[in-house]
Amino acid sequence: MFVMSIWCSSLSLSSRSLAIALVVCITLVYFSYSFNACLLASISRSLQQSNLRNLLALTSTARNESSEAGNSSSSTNTSSTNASSSVSTSAPPAQAVTSSLDGAPKYQLLRQQGLRPSRHLPDTLIIGVKKSGTRALLEFIRLHPDVRAAGSEVHFFDRHYQRGLRWYRHHMPYTIEGQITMEKTPSYFVTKEVPQRVYHMNPATKLLIVVRDPVTRAISDYTQAASKKADMKRFEQLAFINGSYSVVDTNWGPVKIGVYARYLERWLLCFPLSQLLFISGERLIMDPAYEIGRVQDFLGLKRVVTEKHFYFNATKGFPCLFKSEARSTPHCLGKTKGRNHPHIDPAAIERLREFYRPFNNKFYQLTGINFAWP
Ligand code: A3P
């Protein structure tokens with residue numbers, strides 16, 4: 001009887017520990033299953049996100065290329081202040097391209113995944129200055145996966161303002177959450193009404209301004225105009241009044257635009273200096289990665305675009321890209337960027353330098369940056 005009771009109690013003891021072991025096992029299996037499920041879900045989410053970015057990059061490239069081509073023809077017709085674009089394939093107008101893309105299979109696919117790319121008004125504008133390297137800046141910064149840009153100059157704030165913000169938004173690329181929408185129109189910097197209009201759209205808009213020695217900029221501007229007009233007078237004849245180098249023609253566009261301080265003062269009436277980033281056009285050529293690094297910091301972006309993206313093309317004399325959103329092979333900006341400048345009388349150049357000096361100093365004062373132009 002005694003042996004029997006010991007045997008029974010040891011049996012009940014071992015079945016209890018068995019039950020405990022079983023519960024522990026089930027709990028462990030349950031936790032490891034939930035952990036794995038979470039892990040798999042998060043991997044699949046990030047894969048989806050990166051696929052989506054790739055899809056957007058492809059689609060936006062297609063749209064930007066088409067829209068840039070459309071705009072480049074219109075810009076040559078309409079403006080002397082508009083920098084020419086480097087892509088020139090024939091394409092339907094931007095409006096038509098946009099609506100055909102809305103129903104494109106890529107967008108349907110994104111919608112099926114519950115992701116809704118949409119167009120937004122720009123958070124950031126490249127407002128100028130014409131012929132200082134604005135196209136290079138745009139092409140370089142849009143290498144960043146979190147930057148989507150309108151490929152062409154939209155000219156909303158200076159030419160199409162009456163069309164309204166809906167029209168403007170429609171010209172922006174599709175973005176997903178976390179991506180920055182950008183547009184560049186260099187004439188914004190010098191057009192009187194633009195600062196107030198941009199402020200009205202969004203007082204938090206970030207503004208990027210590329211600046212370059214105003215004398216070289218004027219010559220670049222002249223070179224572009226001369227490339228479109230066969231019988232253009234010499235630079236020296238246009239930059240000065242009365243046939244001597246004593247009086248500078250401050251009404252001549254290429255000279256006038258270089259008085260940066262005058263235009264900047266208008267912008268500073270609407271925006272604090274902290275919302276503006278000045279990029280040196282000279283440094284953008286000598287050390288593009290450095291300047292693009294500053295731009296990424298200013299926009300709160302991770303430094304993804306680095307020196308690895310650039311190489312120096314000795315024939316062209318400018319930095320070029322190993323690959324971009326539009327092309328996977330090494331390439332430079334178009335042939336309208338980095339033109340050979342005509343020979344200008346050194347005495348005329350010296351006189352212009354003298355003319356700009358006080359305005360440059362004022363500009364250094366306003367920006368707090370000494371660009372050290374000669
Ligand atoms: P030039 O063609 O007179 O040399 P924008 O794009 O604002 O019109 O400016 C054009 C200028 O950008 C060019 O003027 C050139 O000096 C400058 N630039 C800066 N980086 C460049 C690059 N990587 N390739 C070509 N031009 C570049």
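How much accessible surface does the protein chain have, and what share of that surface belongs to carbon and sulfur atoms? I looked this up first, keeping in mind that the model is predicted, and I noted an accessible surface of about 19300 Å² for the protein chain, with 59% of it belonging to carbon and sulfur atoms.

**Entry: the chain as a whole**

I then went through the secondary structure and found 13 helices and eleven strands in the protein chain. The chain has 374 residues, and 45% of them count as buried. For the contacts with a separation of 6 or more, I noted that 72% are made by residues 24 or more positions apart.

**Entry: around the ligand**

I turned to the ligand, which has 18 residues around it, and wrote down Thr134, Ser220, Pro319, Gly338 and His341 as the ones that come nearest. By kind, the shell divides into seven nonpolar, six polar and five charged residues. Helix 4, which spans 134–141, and strand 11, which spans 318–321, each supply at least two residues of this shell, and I noted that helix 4 gives the most, with four residues.

A polar backbone atom of serine 132 is 3.3 Å from an oxygen atom of the ligand, while for arginine 135 a backbone N or O atom lies 3.0 Å from a ligand oxygen atom.

**Entry: what the record lists**

Is asparagine 340 buried or exposed? I found asparagine 340 in the loop between strand 11 and helix 13, the helix that spans 346–367, and asparagine 340 counts as exposed because its relative accessibility is 72%, where exposed begins over 50%. Histidine 341 is found in the loop between strand 11 and helix 13, but histidine 341 counts as partly exposed, because its relative accessibility is 34%. Leaving out residues up to four places away in sequence, I noted that histidine 341 touches Arg212, Thr216, Ile219, Ser220 and Thr223.

**Entry: backbone geometry**

I kept a general point in view here, that most residues other than glycine have a negative phi and most peptide bonds are trans. Against that I set the peptide bond from glycine 128 to valine 129, which is cis, with omega near -5 degrees. Valine 129 has its place in the loop between strand 2, which spans 124–128, and helix 4.

Lysine 131 is found in the loop between strand 2 and helix 4, and although lysine 131 is not a glycine, it has a positive phi of about 65 degrees. Lysine 131 counts as buried, because its relative accessibility is 10% and buried means under 20%.

I found a positive phi of about 55 degrees at alanine 372, which is not a glycine either. Alanine 372 is found in the segment after helix 13, and it counts as exposed, because its relative accessibility is 58%.

Conventions:
Residues are numbered from 1 along each chain as its sequence is written. This is a predicted model: local features need pLDDT of at least 70, side-chain atom pairs count only at pLDDT 80 or more; totals for chains, interfaces and linings use all residues. Side-chain values use heavy atoms; hydrogens and water are left out. A residue is near a molecule or strand if one of its heavy atoms lies within 4 Å of it. A polar contact is a pair of N or O atoms within 3.5 Å; within protein, one must be able to donate a hydrogen and the other to accept it, and residues adjacent in sequence count only if both atoms are side-chain atoms. Ala, Val, Leu, Ile, Met, Phe, Trp, Tyr, Cys and Pro count as nonpolar, Asp, Glu, Lys and Arg as charged, and the others, Gly among them, as polar. Buried means under 20% relative accessible area, exposed over 50%, partly exposed in between (1.4 Å probe, protein chains only). Contact means heavy atoms within 4.5 Å. Accessible areas come from the Shrake-Rupley method with a 1.4 Å probe; for residues, only the protein chains shown count as cover.
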